[in-house]
Amino acid sequence: KAVARASGRRSPQAGGPDNVSSLERFCCDFAERQMIPVVEPPQLEKDLRLFFGHNATRFMILWRARRLRGGKIGFSWISFVFPQAWFLYRKMYLTAAALTVAPVAIAFFLQSTAFSNLTGLTISILGGLGPRYYVENAEALVVNIRSQSPTDEEARSTIAEAGGVSRAGAVLGALIFLSTVVLAIANKQIR
């Protein structure tokens, strides 16, 4: 319970003030059960804007929609068509690596063209849901950075460095996409 009260607020169940909003009450109660540090919503919004960098307004709209609609966020066509490039651009390197290696591994081990095509479509659909995953991941990362940083200045610096975009990542993702297209065309011509 001490972790959840890092902000100095007490949960209503523990005899805290009655003037807390239902969102604050939910966040505090959830944090106590999950041992997640509570970051005050205004600070969280500032931190998320800093993390999102370019197009922060777009991702803040998605973040608010996710909170209001219970996790339902729309679909992104650009991340559907270019999933690796999009994830690399948004510095989600591990996700991009998984989306790149999974179809190759499945094609290699199962050697099934139909299953390989299905895997490619699945990867694209997961890519289309990329902004949703990015927003969820960003919130968890920002809360984690904020809880582990001893000063506000260090937290802001780490959040800014962890977030934003990588143009080099986007170029690498585009090269991965192009090489995949070239290999698919070459594979069709060999057969």
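This note goes through a surface patch, the aromatic pairs and the salt bridges of the structure above.

1. The model is predicted, and local features need pLDDT of at least 70, side-chain atom pairs count only at pLDDT 80 or more, and totals for chains, interfaces and linings use all residues. Residues are numbered from 1 along each chain as its sequence is written, and side-chain values use heavy atoms, with hydrogens and water left out.

2. A nonpolar surface patch of about 1,200 Å² is made by F75, W77, F108, F109, L110, F115, L118, L121, I125, L126 and L129. Patches are made of residues with over 30% relative accessible area and no salt bridge, where like charges are joined within 9 Å and nonpolar side chains (Val, Leu, Ile, Met, Phe, Trp, Tyr) within 5 Å; accessible areas come from the Shrake-Rupley method with a 1.4 Å probe, and for residues only the protein chains shown count as cover. The largest share of this patch, five residues, comes from α7. Helices here are DSSP runs (H or I, at least four residues), numbered from the N terminus.

3. W77, which belongs to the patch, lies in helix α4 (residues 77–81) and counts as exposed because its relative accessibility is 59%; buried means under 20% relative accessible area, exposed over 50%, and partly exposed in between (1.4 Å probe, protein chains only).

4. The whole structure holds 11 aromatic pairs, for which rings of Phe, Tyr and Trp (its six-membered ring) must have centres within 6.5 Å, with planes under 30 degrees apart counted as stacked, over 60 as edge-to-face and the rest as tilted. W77 and F80 form an edge-to-face pair, at 5.4 Å centre to centre and 80° between the planes, and both lie in helix α4, three residues apart, about one turn of the helix.

5. W86 and Y134 are also edge-to-face, with 5.8 Å centre to centre and 85° between the planes. This pair links distant parts of the chain, from W86 in helix α5 (residues 83–89) to Y134 in helix α8 (residues 130–148), 48 residues apart.

6. Through shared partners, salt bridges join R66, R132, E136 and E139 into one network.

Methods
A salt bridge is a side-chain nitrogen of Lys or Arg within 4 Å of a carboxyl oxygen of Asp or Glu. Helices (H or I, at least four residues) and strands (E, at least two) are DSSP runs, numbered from the N terminus.
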